[in-house]
Amino acid sequence: MDFIRDRNHHGNSLVTMLSRWNHQHDNEQEVLTLNVLLLGDMQSGRSSVGNALIGGHEFQTGAHISGVSMTTEFQVLSRNFPRYFRRQGAESDLTLRVIDTPPLLPQPQSVHKLCPDGVHVLVVVVRADRSHENTHVETHLETLFGPEWRHHALLILTHADHLEKAGLHPSVYLTQTSDWLTALSNEAAGGVLFLDNSCDWPLIRGQPLRDRVLRLSARNHHRAVKVRTESGQSSEFTL
């Protein structure tokens, strides 16, 4: 008994070495990394959504000058959430790699450079009180990713507190808003999430946002959609 205990202590046992190798191997398999691309017009709240996803305040936000965006170039931040969910019966880490884009349509080459393996979830951020803006977002998504974008899209409507002040329920709002936004809400496989900007929602809504992103990715079996190539085609890969 002492011999076995001493052998395990020094790590010379074949069983011990195999156990350690299997443990390290399992750890490698228990991390799911998702690329999340934020898209939206200026002052839509993209950076705040990014902060909610990573659970911090690293994306630049703050007081805005009218017509000026705080985000003028791509920002990429990652955050690991240990043992966030169970996958195939084992606890798994979730790593979110969140890419905040400048307003309007990002260049395909830039997206491909940052996410050569593709994007798992496309988060489209729109201000509920400015539904007349960004009317061509669906066309932009089609240009970047082809028709597959619909399976990976989640629509987030910020400044939903304006709806409450107007006595308008979110479900009613979607039937009365601009045609393009109603169509987008129907196209996005991840559905619609309303966020109230009158409170510290990046802190409050962080986990619900992450859960929604994870569910949408799982629905796609964690496949990522790639930015369209020069030939006008897009492809997917499987983790």
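**Entry 1: Ala183**

I began with Ala183, which is found in helix H8 (residues 179–187). I note that helices (H or I, at least four residues) and strands (E, at least two) are DSSP runs, numbered from the N terminus. The model is predicted, so I recorded that local features need pLDDT of at least 70 and side-chain atom pairs count only at pLDDT 80 or more, while totals for chains, interfaces and linings use all residues. Residues are numbered from 1 along each chain as its sequence is written, and side-chain values use heavy atoms, with hydrogens and water left out.

I looked up the accessibility of Ala183 and found a relative accessible area of 31%, partly exposed. Buried means under 20% relative accessible area, exposed over 50%, and partly exposed in between (1.4 Å probe, protein chains only). I also noted that the C-alpha atoms of Ala183 and Glu138 are separated by 9.0 Å, although the two residues are 45 residues apart along the chain.

**Entry 2: The sheet**

I traced an open sheet of 6 strands in the order S2-S3-S1-S4-S5-S6, with mixed pairing. Two strands pair if DSSP finds at least two bridges between them. Strand S2 (75–87) and S6 stand at the edges with a single partner strand each, so one side of each has no neighbour in the sheet. Neighbouring strands are turned by 25 degrees against each other on average, direction ignored. Axes are lines fitted to C-alpha atoms, for helices over the stretch in contact, and angles run from 0 to 180 degrees between N-to-C directions.

I then examined strand S4 (residues 121–127) and strand S5 (residues 153–158), which run parallel and are joined by 6 bridges. Arg127 stands opposite Thr158 in S5.

**Entry 3: Helices on the sheet**

I found that H8 lies across S4, S5 and S6 and runs at about 135 degrees to S5. Contact means heavy atoms within 4.5 Å.

Next I looked at helix H3 (residues 46–54) and helix H10 (residues 206–219). Their axes come within 7 Å and cross at roughly 85 degrees. That makes H3 roughly perpendicular to H10 (angles under 35 degrees count as roughly parallel, over 145 as roughly antiparallel, 65 to 115 as roughly perpendicular and the rest as oblique). Val49, Ala52, Leu53 and Ile54 in H3 meet Gly206, Leu209, Arg210 and Val213 in H10. The residues of this contact divide into 6 nonpolar, 1 polar and 1 charged. Ala, Val, Leu, Ile, Met, Phe, Trp, Tyr, Cys and Pro count as nonpolar, Asp, Glu, Lys and Arg as charged, and the others, Gly among them, as polar.
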